[in-house]
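Trainee: Could you pick one part of this and take me through it closely? I'd like to hear how it's put together and what sits against it.

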Amino acid sequence: MAPSAEHQSNPLLESVGVIGSGIAGLITAHTLLQDGFTSVEVLTRDKSVGGVWSQERIYPSLQTNSVHGEFRFSAMPMREPDDSAKTGGRLSGTDVHQYLDKFAQKFLKDKIRFGTEILKIRRGEQQGWDVLVRDTEVGAERTLHYARIVLCTGGSSNPRYPKLLSPADAQAAGFSGPVLHTMHFSSQIDGLLEAVKPVKSDGDADAPIIVVGGGKSALDAATYLANEGRPVTLVFETVEAFVASKFLVPAFIRKSRLMSIMGAHMELRTRLERFMHTTRLGGAFVRWLWKSIQQYALDVMSIPKDSPLRHSRSLFWDTGASDEGTPRAGYFHALVNEGKIKLAAPARAVSFGEDGHSVVLEDGRVLPAAAVVLGTGYQSTWNPILDDETVEDLGMGRHPPDSKNAYHWDYTSLANPPASPPKALWASSIYRGLVPTKTLFNRDFALNGAVLSPHHTYVSEVSAHWICAYFRRDELRLPRSEQDAREVAERHAAWVRQRYPYALRHWNESYASYIAYLSWPQFTDDLLEDLGLRSGRSGGNWLTWPFKTIDVAEIATLKEERDAKRQPTMS
């Protein structure tokens with residue numbers, strides 16, 4: 001088949017639409033521009049950059065799980081927080097937003113369309129992509145056309161409401177107080193605080209604010225409200241695991257490959273990894289280590305033996321653990337211990353009460369409620385903007401595993417796993433979490449920001465370079481066929497089902513099309529090797545390499561390295 005006109009053209013001269021202005025969207029647009037793409041445009045419905053860290057979504061006291069050095073790009077340093085010596089450089093939501101805003105002003109000026117809501121993305125009649133958008137200020141709709149699309153919408157902007165607990169359900173049930181999702185917490189804080197009076201000096205209080213959920217957003221909301229003096233009751237079935245320490249964890253542990261080595265990867269490349277995960281002694285040590293870390297964190301935070309907070313997810317088998325740092329006054333666990341946040345757990349909220357002032361739990365209990373905050377997670381951001389035809393065309397839907405190979409990893413560290421819920425049987429067909437396998441060889445559609453990882457900036461930046469090479473048709477290690485690519489994706493899906501059995505229950509596909517999590521350094525090594533570049537960049541010898549600090553500065557020269565590979569060899 002003769003190459004199409006699109007394939008014969010220069011991709012650098014063709015338009016690229018980047019959908020989303022969060023971490024992944026900003027670094028993707030920047031990398032495309034630095035790579036020589038001349039027509040790059042970022043679309044976002046928000047009024048400011050940052051995605052979940054936009055000005056519209058942050059609020060006082062909101063903290064990240066990251067510390068200084070883990071939330072920046074290689075092209076621009078980040079100012080160290082004023083209280084770094086005390087907190088180890090822990091970052092606030094404001095720190096992150098200000099950094100991303102400065103990055104956009106410096107590198108992406110006039111490249112971002114704010115207030116542009118994406119309604120639908122479809123293939124163009126001839127080639128490329130048509131994007132139907134709405135101006136959020138005036139409501140006018142129009143269609144924009146791009147030769148290529150990078151979808152960077154993430155997975156935290158389409159709220160998921162439990163059955164019978166949405167704001168519409170509250171209105172239908174006659175509930176009298178405010179009901180909101182944590183996505184809208186920042187914009188509705190003032191109204192919430194006005195509706196619910198503070199606890200009185202004698203400890204007497206009106207009906208509390210019920211916060212539903214055991215994830216970080218629910219805990220953050222409960223923490224803020226309690227610090228504002230409001231009565232709070234937190235309802236959850238299980239709460240996310242966390243790590244904590246009496247002292248600031250040194251960088252050679254916190255920022256190195258050590259925990260990724262102990263976390264297991266589907267490819268064990270080194271002797272140390274093979275010993276830890278395939279020998280009887282190594283496997284026993286790994287299981288003991290993670291169990292001890294989780295137990296130690298509970299003890300450090302002085303969590304009572306009978307507290308519902310011990311009804312938490314597994315630090316080893318699950319994803320999404322929180323890094324709480326050292327014990328501090330005014331933070332979630334301290335507030336629970338002080339009785340400023342009440343716990344109704346393990347329990348599941350199922351409906352609003354008939355009296356208009358309560359929430360009903362599955363076990364029959366009825367909790368008085370002046371307001372309800374739902375930290376109940378998110379749906380995929382892809383569903384509203386990609387119709388069924390486009391999803392089918394791209395092959396992006398989750399599906400039952402269809403590989404003829406029964407993949408299994410006989411790791412001693414993975415002995416005695418928890419049972420997998422039914423939803424964990426589903427798989428995704430997205431290669432490397434970056435490109436749908438069905439359209440791998442079209443080179444006109446990619447994803448960034450959908451790889452689950454605790455080091456989002458590093459992973460997104462390496463991914464952006466991979467996408468640039470993919471769009472430019474640079475030399476890139478790819479499967480030979482669509483079927484081979486699908487088999488790679490099936491194999492990873494099988495690994496996730498074995499390694500993180502509950503991951504698909506917690507995360508939607510736009511947030512976690514590929515689950516790297518603890519093994520994110522190995523994942524980025526794979527991407528670098530796809531590009532023909534050096535992996536394992538933190539260095540070290542046979543003894544020190546697990547403890548060498550990983551720093552985003554080590555990928556600062558990826559463009560120059562890729563340029564050098566592209567130059568013809570001189571004889």
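Mentor: Strands (E, at least two residues) and helices (H or I, at least four) are DSSP runs numbered from the N terminus. Keep in mind that this is a predicted model, where local features need pLDDT of at least 70, side-chain atom pairs count only at pLDDT 80 or more, and totals for chains, interfaces and linings use all residues. Residues are numbered from 1 along each chain as its sequence is written, and side-chain values use heavy atoms, with hydrogens and water left out.

The part I'd pick is an open sheet of five strands, ordered β5-β2-β1-β9-β22 and paired in parallel. At its edges you'll find β5 (112–113) and β22 (445–447), each with a single partner strand, so one side of each has no neighbour in the sheet. Further in, β1 (residues 15–19) runs parallel to β9 (residues 148–151), and four bridges join the two. Look for isoleucine 19, which stands opposite leucine 151 in β9. Packed on the sheet is helix α2 (residues 23–35), touching β1, β2 (39–43), β5 and β9; contact means heavy atoms within 4.5 Å. The direction of α2 makes about 165° with that of β1, using lines fitted to C-alpha atoms (for helices, over the stretch in contact) and angles from 0 to 180 degrees between N-to-C directions.

Just after α11, serine 302 has a positive phi of about 55°.

Conventions:
Two strands pair if DSSP finds at least two bridges between them.
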